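Please keep the sequence and the structure in view while going through the numbered points.

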Amino acid sequence: MSLLSKVKKPDAQGRIQHVTPESAGWRYVGFDAYQLKKGQTLRLESGSRELCLVLVAGLASVKTRLAEFPNIGKRMSPFERTPPYSVYVPGNEQVDVVAESDLELAVCSAPATGGKLPARLIAPADVGVEQRGKGNNKRLVHNILPDDKPADSLLVVEVYTDEGNTSSYPSHKHDQEDSPDETYLEETYYHRFNPERGFAMQRVYTDDRSLDVCMAPYNQDVVTVPRGYHPMSTVAGYDNYYLNVMAGPVRLWKFTWEKDHAWVNSDEYPRKG
């Protein structure tokens with residue numbers, strides 16, 4: 001099974017990516033991306049899953065049965081590097097999206113556990129912003145739906161990595177269900193590049209190398225990470241953005257570093273001379 005989902009031409013609904021638990025061969029995470037034209041409408045049914053709608057670029061009005069969020073959005077490109085507008089949608093809900101401009105919309109999904117959370121707007125001011133790393137391992141992080149904010153299963157974050165830098169590094173993993181050190185979390189990466197013709201290199205691998213895959217995602221491709229380490233490296237000339245979706249049986253992000261590369265977090269890095 002391929003871990004790389006290539007972008008498709010928009011279908012009748014404008015969908016360009018469609019990753020389901022069945023297609024990915026796992027249990028929790030779903031991811032769709034849409035490219036909508038101004039004035040186009042999209043209706044979604046959450047059913048047994050909760051959703052997080054992320055306005056990657058563009059403006060929209062979003063309505064559920066009990067809530068309305070008219071004329072949301074601000075950034076017209078993710079590379080403006082401002083936090084996005086997003087909408088959390090619980091299970092058993094209907095949601096209508098109207099594109100108020102050309103709209104790039106990500107729909108993140110995971111099982112709803114019956115917590116009966118209300119639909120809510122996640123405005124830019126609600127998004128935690130942090131810088132991580134040092135040297136050539138620096139990146140900018142927007143915590144859209146972290147584990148200290150209410151949801152049943154979903155974790156959603158977006159990350160910016162400048163040309164020539166690494167991200168999701170030092171290599172780390174979160175694939176153990178009954179470990180005091182890790183939680184089991186499936187993960188998708190929705191990649192964007194500036195300029196758009198760029199690409200990155202991403203590797204997904206396990207300690208025993210029973211899984212060891214290298215990929216070159218291009219603009220709007222999705223990498224799926226069922227288990228193992230999953231570092232990403234940019235190439236010269238192209239800045240990278242990715243939107244991460246994670247979910248598993250426990251809604252907590254706990255991971256372990258690969259021992260060989262953990263030193264990159266220490267005072268030894270960056271080495272000089």
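1. Serine 48 is exposed, with a relative accessible area of 59%. The residue sits in the loop that links strand E4 (41–45) to strand E5 (49–57). When residues up to four places away in sequence are left out, serine 48 touches Pro111 and Ala112. Its C-alpha atom is separated by 32 Å from that of glutamine 202, a residue 154 positions away along the chain. The model under discussion is a predicted one.

2. Is serine 86 buried or exposed? Serine 86 is buried, and its relative accessible area is 0%; the cut-off for a buried residue is under 20%. This serine belongs to strand E8 (residues 86–89). Leaving aside residues up to four places away in sequence, serine 86 touches Cys52, Leu53, Val54, Arg120, Leu121, Ile122 and Ile144.

3. The next point concerns the chain as a whole. The C-alpha trace spans about 60 × 40 × 35 Å along its principal axes. Of the 273 residues in the protein chain, 54% are buried.

4. Among contacts in the protein chain with a separation of 6 or more, 73% are between residues 24 or more positions apart. The accessible surface of the protein chain amounts to about 12,200 Å², and carbon and sulfur atoms account for 50% of this surface. The protein chain carries 32 positive and 37 negative side chains, and the centres of these two sets lie 3 Å apart.

5. In general, strands of a sheet pair through backbone hydrogen bonds, either parallel or antiparallel.

6. Strand E13 (residues 139–145) and strand E14 (residues 155–161) are joined in the antiparallel sense over five bridges. Leucine 140 has tyrosine 160, in E14, as its bridge partner.

7. Strand E2 (residues 15–19) pairs with E3 in the antiparallel sense over four bridges, and arginine 15 stands opposite tyrosine 34 in E3. E3 also pairs with strand E10 (residues 103–111), in the antiparallel sense and over seven bridges. Phenylalanine 31 has cysteine 108, in E10, as its bridge partner.

8. The remaining points concern backbone geometry. Most residues other than glycine have a negative phi, and most peptide bonds are trans. Which residues are joined by a cis peptide bond with omega of about 0 degrees? They are tyrosine 169 and proline 170. Proline 170 is located in the loop between strand E15 (166–167) and strand E16 (172–173). A cis peptide bond also joins asparagine 194 and proline 195, with omega of about -5 degrees. Proline 195 is located in the loop between strand E17 (186–194) and strand E18 (200–205).

9. Asparagine 71 has a phi near 50 degrees, a positive value in a residue other than glycine. This asparagine is part of strand E7 (residues 68–72) and is exposed, with a relative accessible area of 59%. Glutamine 220 is not a glycine, yet its phi is positive, at about 70 degrees. Glutamine 220 is found in the loop between strand E19 (212–215) and strand E20 (222–225). What is the relative accessible area of glutamine 220? The value is 13%, and glutamine 220 is buried.

Key. Residues are numbered from 1 along each chain as its sequence is written. This is a predicted model: local features need pLDDT of at least 70, side-chain atom pairs count only at pLDDT 80 or more; totals for chains, interfaces and linings use all residues. Side-chain values use heavy atoms; hydrogens and water are left out. Buried means under 20% relative accessible area, exposed over 50%, partly exposed in between (1.4 Å probe, protein chains only). Contact means heavy atoms within 4.5 Å. Accessible areas come from the Shrake-Rupley method with a 1.4 Å probe; for residues, only the protein chains shown count as cover. Lys and Arg count as positive and Asp and Glu as negative; His and the chain ends are not counted. The place of a charge is taken as NZ of Lys, CZ of Arg, CG of Asp or CD of Glu. Two strands pair if DSSP finds at least two bridges between them. Helices (H or I, at least four residues) and strands (E, at least two) are DSSP runs, numbered from the N terminus.
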